[in-house]
Amino acid sequence: MLRLEKRPTPSRFWSWGTPVLAVALTMIAGGMLFALLGKDPFLAIKTIFWDPLFGEFAWYLRGQLLVKAGPLALIAVGLSLGFRAGIWNIGAEGQYIMGAVFGAAVGLAVYPTESRLIFPVMILAGAFGGWVWAMIPAILKTRFNTNEILVSLMLVYVAETILSKAATGFLRNPEGHGFPGSRSFSNYPAAHNPEIFAGTGMHWGVVAAFIAVIFCYVLLQRHIVGFQIKLAGQAPRAARFAGVDPNRLVVLCLGLSGALAGLAGVFEVSGPAGQISIDFSSGYGFTAIIVAFLGRLNPLGILLASLVMALTYVGGEGASTDLGLPKAAIQAFQGMLLFFLLGADLLSNYRIRFTLIGKETR
Amino acid sequence: MDFMGITPSVLIASLMVASVPIMLAAIGELVVEKAGVLNLGVEGMMIMGAICGFVTAVGTGSPLLGFLGGAAGGAALSVIFALLTQVFLTNQVATGLALTLFGLGLSSLIGQDYVGIKPPATGAIPFGPLRDIPFFGKVFFSHDWMVYASVAIIALVWAGLKFTRAGLILRAVGEGHDAAHALGYKVIRIRVLAILFGGAMAGLGGAYISLVRVPQWTDGITSGAGWIALAIVVFASWKPWRVLIGSYLFGGITVLQLNLQAAGARIPVEYLSMSPYLMTIIVLVIMSSGKGRASLNAPASLGQNFHASR
């Protein structure tokens, strides 16, 4: 008979072993899903996980990995701070969209001026946009005790409407013959976020992601605020006795994650996406939730996790063109990964004991 | 009497139809939360219900079987949630989110061959002469059977929670799982059953969207209805009849904004279509402020996992 015994502290081995186990289990379960769809499971898994790294077109796809991993890491690192403190910002997608809209609006407002200041100001505007959007749930939470999960999520739908209004209305390209979508940033050098080294996929958003990871690592490990975040998550009562102001943490965690999501948005719109369009929102804000958990809410882990998740994006696109695997299959695949990850956490928090029926071990 | 081309009786009749999906999902989630479990995967279960119901109805040609299929689809997805949170003791918030992400992906995977097909029609119940009563005939006697069934389900849940022994046990588990365990009730088993019921109701609501409300299949067809259902449970402060009021309120806003769009009101379409979501936020703020009256009524063990150490 199986019995669970709570560990006094989470197992160190399993806290790093579970992500690996979860990825392995997802490959097996995903393979079965693909087999059900009538595709060769081994070929599908190889296309998703192997080809982007070592396949025929790896020289191009490896760069795409960084393009996808950058925004994911940037958003996930911000989210992880809140998740550690028990503050659930689920609306990163909305903050990402608003960051893009704010940043793009600033850039396009001064079109076609050429100045070195434009791009930095756009980035600030993007971070501000994301921050403002995250401040709505934060202030409602601190002032009225409103659930931040539902409010931040509702704001995603509001942000999507604003995005479509931007693409068809106030940011539409005046020379675009009435088609939706803004001017392209790739034809506007002062506001463009180009690849820093051609062919590597390295753009300023990826640099920002690295900086954010280091910043959050230092914050969590070396700063009193990081300690308070961890304390509030693990023992809310103890945190209150220790004088941690929960409202301050809510404003800080939501604001920081919103600003980072906004940054991801503005880097994406001025770089890889290139313009504000109706289908600009790509679900990065939601996938980043999986990335944050896959990286065990640890900044360095998130960096690795964002690369793994980027692999499923890039590989998934390859699988959909080569094997005719539907794009949605990848989304289901990513959701499955989160299931296995959460389930496997049992191993790090509990010990599994085998006991004979009717025989008490103590 | 018309206002800007909007007839009140038609408006009320259509808001009753529009509120059925969120009402069903919310009453299911209410039971789940009364048992002390917070399942944020309502959106995922709804959309699974929507596609499973659609596939079944198209395959069999029977809307009734379609609704049953939808309920089965929602319940099947909730099994994953029950397994993870009740057996593997995972965080309920994170698992609920995973359920939504997975449900959205899986549903569009299943539904890719069903885009553009029309499902068999669910007809209105023939009430005969009752239908011809001015105003009331249109409002009360012009609907399909699911509209009446959803109100009946609310009444059943209300009576079940309030007057039956099973309802009392369910509430005990939600208010204090350790005490309920000490009394000998199977906390895990009761919670799993509640989660399954919540899944089936969400699935039923989803099926109503794809079979009656829209009626066809498109990706992301529920567009946040599951999250609004979660908000309605808070709005209702965990009381069944208030779920009905809350759903009619939200159904009313949805229908009104659609009507205003059609009537060519001078408010831009974008602001109208974001109104249900803004309304949800406003309602949540009103309910949760005021010295936390809504949160006082929340089940005491909500969102906490139970592990029997003895």
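A crossing is left-handed if the near helix is turned anticlockwise from the far one by less than a right angle, and right-handed if clockwise. The legends below describe a predicted model, in which local features need pLDDT of at least 70, side-chain atom pairs count only at pLDDT 80 or more, and totals for chains, interfaces and linings use all residues. Residues are numbered from 1 along each chain as its sequence is written, while chains are lettered from A and ligands numbered from 1 in the order in which they are written.

**View 1. Helix 7 of chain A packs with helix 14 of chain B.** Helices (H or I, at least four residues) and strands (E, at least two) are DSSP runs, numbered from the N terminus. The pair joins residues 148-170 of chain A to residues 275-288 of chain B. Their axes, lines fitted to C-alpha atoms over the stretch in contact, lie 9 Å apart at an angle of about 160°. Angles run from 0 to 180 degrees between N-to-C directions. The two helices are therefore roughly antiparallel (over 145 degrees; under 35 is roughly parallel, 65 to 115 roughly perpendicular, the rest oblique). Their crossing is left-handed. Helix 7 of chain A contributes A:Leu150, A:Val151, A:Met154, A:Tyr157 and A:Val158. Helix 14 of chain B answers with B:Tyr277, B:Leu278, B:Thr280, B:Ile281 and B:Leu284. Contact means C-beta atoms, placed from the backbone, within 7 Å.

**View 2. Helix 2 of chain A has three buried residues: A:Ala44, A:Thr47 and A:Ile48.** A residue is buried if 20 or more other C-beta atoms lie within 10 Å of its own, exposed if 12 or fewer, and partly exposed in between. Helix 2 spans residues 41-49. Seen down the axis of helix 2, the buried residues fall within an arc of 95°, so they line one face. The arc is that of the directions from the helix axis to the C-beta atoms. The cover includes helix 1 (12-36), helix 3 (51-54) and helix 13 (299-322) of chain A.

**View 3. A:Asn145 has a positive phi, near 60°.** A:Asn145 sits in the loop between helix 6 (118-144) and helix 7 of chain A. With 18 C-beta neighbours inside 10 Å, A:Asn145 counts as partly exposed.

**View 4. B:Trp238 has a positive phi of about 60° although it is not a glycine.** Its place is the loop between helix 11 (225-235) and helix 12 (240-262) of chain B. B:Trp238 counts as buried, with 22 C-beta neighbours inside 10 Å.

How values were computed. Two residues are in contact if their C-beta atoms, placed from the backbone, lie within 7 Å.
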